Amino acid sequence: MNSSFSGRSIQVVRDFHGDEQWYLYRKTRDLKQALRNGTSTEAFKLNDPDLGMYLFFMEDSTRTKESFRNSGHFHNVKLNDFDAKNSSFQKKESITDTIKMLMGYSSRSIFVVRSRIEGVCRWLEKSMREYAVKIGVNQPSFINAGDGRHEHPTQEFLDQFSFLEQLNWKREHIHLALVGDLFHGRTVHSKVDGLEIFNEVEIDLVAPDELAMPGHYIDLMGDKGFKIRRYETIDEYLSQKKPAPIWYFTRLQLERMGEKLLSKASGLRKAVTFRQEHLEKIDSATRFYHPLPRHSETPTIPTFLDGLPVNRWDEQSVNGYLTRIIELAMVGGKLGGDFRGEYGNHSTVYTDDFIRELPPANSKKPEFKVGIKPVDTGIVIDHIAKDKKPDEIWEYITKIRRALSLNAMGSHGVFPGVKDGLFKGIISLPGCSMPGEKKMKMLSAISPGVTLNVIEDHRVIKKFRLSTPPRVYRLPGLRCKNDACVSNPEYHEPIYADFIRTEENRFACEYCETPHLFSEIWED
Ligand code: NCD
């Protein structure tokens with residue numbers, strides 16, 4: 001059977017629309033039931049020994065890797081464990097080259113990728129599309145099994161499934177506490193989108209300042225209408241009247257901390273470690289979850305809790321095996337034929353409305369006199385960096401000239417506007433013809449707000465206003481400010497920085513989703 005899920009990749013939770021996530025949970029429930037009842041599970045099985053499945057783990061893992069491995073066995077596919085520690089990675093081979101090679105071994109492949117580098121699966125999904133056509137194989141699926149501090153979507157799916165079980169499959173409301181390292185923990189970052197399957201979300205963040213949830217995730221939760229409360233320690237949290245019935249713990253991510261933070265680790269851990277005396281302050285129906293592992297010497301959910309009803313983390317990790325069977329069945333094309341609902345947005349269309357043609361001024365007089373003589377025929381770029389200080393405007397002029405290779409031509413300057421007196425830059429290019437679409441896009445990305453005038457016989461015959469484009473990419477000087485991003489040149493992947501406008505003046509990296517102001521997407 002082929003389905004709308006076949007060949008899809010899962011880089012972030014949002015790659016599956018809420019309806020698709022719900023489908024995944026319902027199918028997992030059916031599978032769990034079938035396994036419990038001992039009835040046939042054939043309807044869930046890929047049964048395709050030619051499908052290449054790769055466990056591509058470049059960071060340590062127990063549960064995620066072993067549950068995917070066991071899911072691969074369940075499906076009877078060609079299961080491979082890529083040995084990153086003894087591979088040509090040690091000879092500095094890129095991830096891109098390695099994946100290309102592995103893709104050639106099967107007509108269909110699923111790669112389960114864990115890496116400290118963020119945005120890898122999105123990059124592979126995009127870049128391997130053409131290569132798959134070239135070598136005549138199907139577009140492979142890339143499943144993110146945790147990328148740095150960014151996201152861990154398949155963990156999120158198993159967490160949501162486990163919460164739904166506790167809530168008897170009611171989706172009206174969830175009240176959840178996130179406790180622990182909310183700064184570095186990717187599983188809690190994935191909650192921002194995962195919790196959207198509930199109509200009403202109350203979320204309590206329990207973490208000392210040093211481990212607090214990054215601001216942009218809190219903003220996103222606020223935008224989605226989540227009710228958010230913040231506490232620094234479990235003691236403080238339990239001193240108020242309404243602790244959540246569901247607690248989700250995370251360990252301190254020591255491997256992602258710098259030395260300064262590491263020196264404070266034991267105090268920070270104490271703030272988010274559950275103690276015996278806390279027990280009497282929680283309701284008996286409260287349940288604890290944890291993506292695990294927990295530290296054997298200093299666990300935030302200590303072992304005295306293991307045998308108590310509060311322990312849901314054991315069942316949660318079993319659910320990881322089940323949800324991952326279903327995820328593989330979906331992207332492998334076995335399940336999905338009966339899906340009814342909306343699809344995730346995985347092919348964004350970017351419109352070009354940022355280049356707007358204006359009516360040229362109906363004047364007989366020559367409009368531009370920059371330089372030694374008026375422009376007779378050519379181009380004038382006007383309103384460069386309007387409102388900015390003169391020395392900043394000069395920088396913009398240089399940037400435009402460099403990016404558009406206008407080095408030797410025409411003249412330029414910084415002038416006060418005739419009407420408002422505000423400074424702006426002007427570049428005049430006599431003899432130059434109208435730039436093509438690509439150059440217009442570049443110009444609008446480098447200096448949004450400019451106008452471009454096409455002059456013939458001293459008169460402006462065409463005028464364009466260029467505003468911020470919806471996507472900025474493939475330009476010199478662009479760089480994501482997140483050093484762990486796959487687009488960081490230090491990783492030497494054949495990749496260019498790529499930014500998507502999320503709102504006016506705000507851009508997210510296409511790969512790791514780090515938010516930027518427009519001015520921040522450029523190298524210093
Ligand atoms: C988590 C991870 O790797 O992000 N573990 C997991 O996948 N089960 C959480 C962690 O490492 O703390």
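User: What order do the strands have in the open sheet of four strands?

Analyst: In this predicted model, the order is β16-β17-β18-β19, and the pairing is antiparallel. The strands β16 (471–473) and β19 (515–517) stand at the edges with a single partner strand each, so one side of each has no neighbour in the sheet. On average, neighbouring strands of this sheet are turned by 35° against each other, with direction ignored.

User: And how many bridges join β18 to β19?

Analyst: Three bridges join β18, which covers residues 506–509, to β19, and phenylalanine 507 has histidine 516 in β19 as its bridge partner.

User: New topic: how many salt bridges are there in the whole structure?

Analyst: A search of the whole structure finds 38 salt bridges, and one of them is between glutamate 202 and lysine 242, where the closest N and O atoms are 2.8 Å apart. Glutamate 202 lies in strand β6 and lysine 242 in the loop between α9 (234–238) and β8 (246–249), so this pair ties together parts that are 40 residues apart in sequence.

User: Is glutamate 202 buried or exposed?

Analyst: Glutamate 202 counts as buried because its relative accessibility is 12%, which is under the 20% cut-off, whereas lysine 242 is partly exposed at 42%.

User: Which residues are linked with Glu196 in a network of salt bridges?

Analyst: Arg14, Asp193, Lys224 and Glu513 are linked with Glu196 in that network. Within it, the side chains of glutamate 196 and lysine 224 meet at 3.2 Å, N to O, and this pair ties together parts that are 28 residues apart in sequence.

Definitions and conventions: Residues numbered from 1 in each chain as written. Predicted model: local features only at pLDDT ≥ 70, side-chain atom pairs only at ≥ 80, totals over all residues. Heavy atoms only, no water. Pairing = 2+ DSSP bridges. Helix = DSSP H or I, 4+ residues; strand = E, 2+ residues; numbered from the N terminus. Axes fitted to C-alpha atoms, helices over the stretch in contact; angles between N-to-C directions. Salt bridge = Lys/Arg side-chain N within 4 Å of Asp/Glu carboxyl O. Buried < 20%, exposed > 50% of the residue type's maximum accessible area, 1.4 Å probe, protein only.
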